[in-house]
Amino acid sequence: MHNAETQLDEQQTAVARDLARALGATKPLAVFDLGTTGTYVRSDRIVEIAILRIDTDGTATYKVRRLNPEIPIPEDATAVPGISDAHVAAEPTFHPVPKTL
């Protein structure tokens with residue numbers, strides 16, 4: 001299972017802190033990155049969700065979660081992040097995951 005939560009290193013934390021300050025953040029910020037099986041919203045699926053949470057004090061946490069899209073991942077989609085069908089075969093589908101992030 002590919003489900004990781006990590007603290008950022010010193011340099012990454014400094015960048016996150018600077019971003020929170022530059023934006024005048026008064027509440028935590030969340031930055032999302034999605035890996036998908038393609039670019040068609042109606043038919044393609046999410047295979048990876050990455051979330052960077054930046055608290056107002058600059059503390060940052062990074063979470064990554066892979067998902068089984070329940071459809072084959074095309075070769076061109078695998079080429080970008082390197083995630084293949086074998087990498088997600090044992091992962092959960094999308095529906096139960098958002099509640100755990």
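Modeller: Helices (H or I, at least four residues) and strands (E, at least two) are DSSP runs, numbered from the N terminus. This is a predicted model, in which local features need pLDDT of at least 70, side-chain atom pairs count only at pLDDT 80 or more, and totals for chains, interfaces and linings use all residues. Residues are numbered from 1 along each chain as its sequence is written, and side-chain values use heavy atoms, with hydrogens and water left out.

Biologist: In what order do the elements of the protein run from the N terminus on?

Modeller: The secondary structure comes to three helices and four strands. Read from the N terminus on, the order is β-α-β-β-β-α-α.

Biologist: How many bridges join β2 to β3?

Modeller: Strand β1 (residues 3–7) pairs with β4 over five bridges, and β3 is joined to β4 by seven. Gly35 stands opposite Glu48 in β3. The antiparallel strands β2 and β3 are joined by eight bridges.

Biologist: Which residue in the turn of the β3 and β4 hairpin has a positive phi?

Modeller: Near the end of this pairing, Ile54 has Ala60 in β4 as its bridge partner. The hairpin leaves five residues between the two strands, and the turn residue with a positive phi, of about 90°, is Gly58.

Biologist: How many residues of β4 are buried?

Modeller: Buried means under 20% relative accessible area, exposed over 50%, and partly exposed in between (1.4 Å probe, protein chains only). Over the 101 residues of the protein, 28% count as buried. β4 is mostly covered, the buried residues being five of its seven.

Biologist: Which residues make up the largest nonpolar core?

Modeller: In soluble globular proteins, nonpolar side chains tend to be buried together. A nonpolar core is a set of buried Ala, Val, Leu, Ile, Met, Phe, Trp, Tyr and Cys residues joined through side-chain atoms within 4.5 Å. The largest one has six residues: Leu8, Ala16, Ala20, Ala25, Ile54 and Ala60.

Biologist: Which residues does Ile54 touch?

Modeller: Contact means heavy atoms within 4.5 Å. Leaving out residues up to four places away in sequence, Ile54 touches Ala16, Leu19, Ala20, Pro28, Leu29, Thr59 and Ala60.

Biologist: With which side chain does Glu48 make a polar contact?

Modeller: Glu48 lies in strand β3 (residues 46–54) and counts as buried because its relative accessibility is 18%. A polar contact is a pair of N or O atoms within 3.5 Å; within protein, one must be able to donate a hydrogen and the other to accept it, and residues adjacent in sequence count only if both atoms are side-chain atoms. For the side chain of Glu48 the partner, at 3.2 Å, is the side chain of Arg66.

Biologist: What is the phi of Glu70?

Modeller: Glu70 lies in the loop between β4 (60–66) and α2. Its relative accessibility is 57%, so Glu70 counts as exposed. Although Glu70 is not a glycine, its phi is positive, at about 65°.

Biologist: Is Ala79 buried or exposed?

Modeller: Ala79 lies in helix α2 (residues 75–79). Because its relative accessible area is 64%, Ala79 is exposed.

Biologist: What separates the C-alpha atoms of Asp76 and Gly38?

Modeller: Asp76 is also found in helix α2, and at 58% relative accessibility it counts as exposed. Asp76 and Gly38 are 38 residues apart along the chain, and their C-alpha atoms are separated by 8.3 Å.

Notes:
Two strands pair if DSSP finds at least two bridges between them.
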